[in-house]
Amino acid sequence: MNIVLYQPEIPHNTGAIGRTCLVTASTLHLIRPYGFFLDEKSLKRSGLDYWHKLDVREYDSFEMFAKNNPRGERFFFVETTGGRSYTDVKYEPNDYFIFGSETTGISQAILDSYPEQIVRIPMKSGERSLNLSVAVGIVLFEGLRQVGFIPLSAQ
């Protein structure tokens, strides 16, 4: 499966999401700009000693991401404005779960291009949203559950 972070701002969230991608054999796609640096010094400072093991792909814009990943019909944008629950979708092994930045979410112009592909995690109204890394874990593991692939630890 594929996790896409659109303009992530908090390095520790991206690091936790990277770890989740590593243990689930998922690809992490990062769309610039970031609110942090991905250089070796910054990664080491954040304790991301596993980063080199990840399948990480970087893009300068959403347009570049979409051009390089043409399965647009299998993009699922996880936003609080989604019309249906993430559990109401039948996922496939190579789907893309797209999450916006921690403070601004996903550009409305992008969302307007994919109105039927916006999903939400049901939450109590009037409260803050879930932490980004928690939201990624919830949606990713539902997708993995549906396709029947949960990596097992080596014994």
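Buried, in my notes, means under 20% relative accessible area. The model I'm looking at is a predicted one.

**Entry 1: helix α5.** I started with α5 and asked which of its residues are buried. They are Leu-132, Ser-133, Ala-135, Val-136, Gly-137, Val-139, Leu-140, Glu-142, Gly-143, Leu-144 and Gln-146. Next I looked up what covers them, and the cover includes β1, α1, β4 and β6. I also checked the span of α5: its 16 residues reach 23 Å from first C-alpha to last, close to the expected 22 Å. Just after α5 I found Gly-148, with a positive phi of about 80°.

**Entry 2: the largest nonpolar core.** This core has 28 residues, and I noted the ones that touch the most other members: Ile-3, Leu-5, Ile-17, Leu-28, Phe-97 and Phe-99. Two or more residues each come from β1, α1, β2, β4, β6 and α5. The largest share is from α5, which gives six.

**Entry 3: Phe-99 and a second core.** I looked up the contacts of Phe-99, skipping residues up to four places away in sequence. Among them are Ile-3, Leu-5, Val-78 and Ile-106, plus Leu-132, Ala-135, Val-136 and Val-139. There is also a second, separate core of 15 residues, including Val-4, Phe-65, Tyr-96 and Ile-118.

**Entry 4: Thr-20.** Is Thr-20 buried or exposed? Its relative accessible area is 19%, so I count Thr-20 as buried, the cut-off being under 20%. Thr-20 sits in α1, residues 11-24. Leaving out neighbours within four places in sequence, I found Thr-20 in contact with Leu-140 and Phe-141.

Methods: Residues are numbered from 1 along each chain as its sequence is written. This is a predicted model: local features need pLDDT of at least 70, side-chain atom pairs count only at pLDDT 80 or more; totals for chains, interfaces and linings use all residues. Side-chain values use heavy atoms; hydrogens and water are left out. Helices (H or I, at least four residues) and strands (E, at least two) are DSSP runs, numbered from the N terminus. Buried means under 20% relative accessible area, exposed over 50%, partly exposed in between (1.4 Å probe, protein chains only). Contact means heavy atoms within 4.5 Å. A nonpolar core is a set of buried Ala, Val, Leu, Ile, Met, Phe, Trp, Tyr and Cys residues joined through side-chain atoms within 4.5 Å. The expected span of a helix is 1.5 Å times one less than its number of residues.
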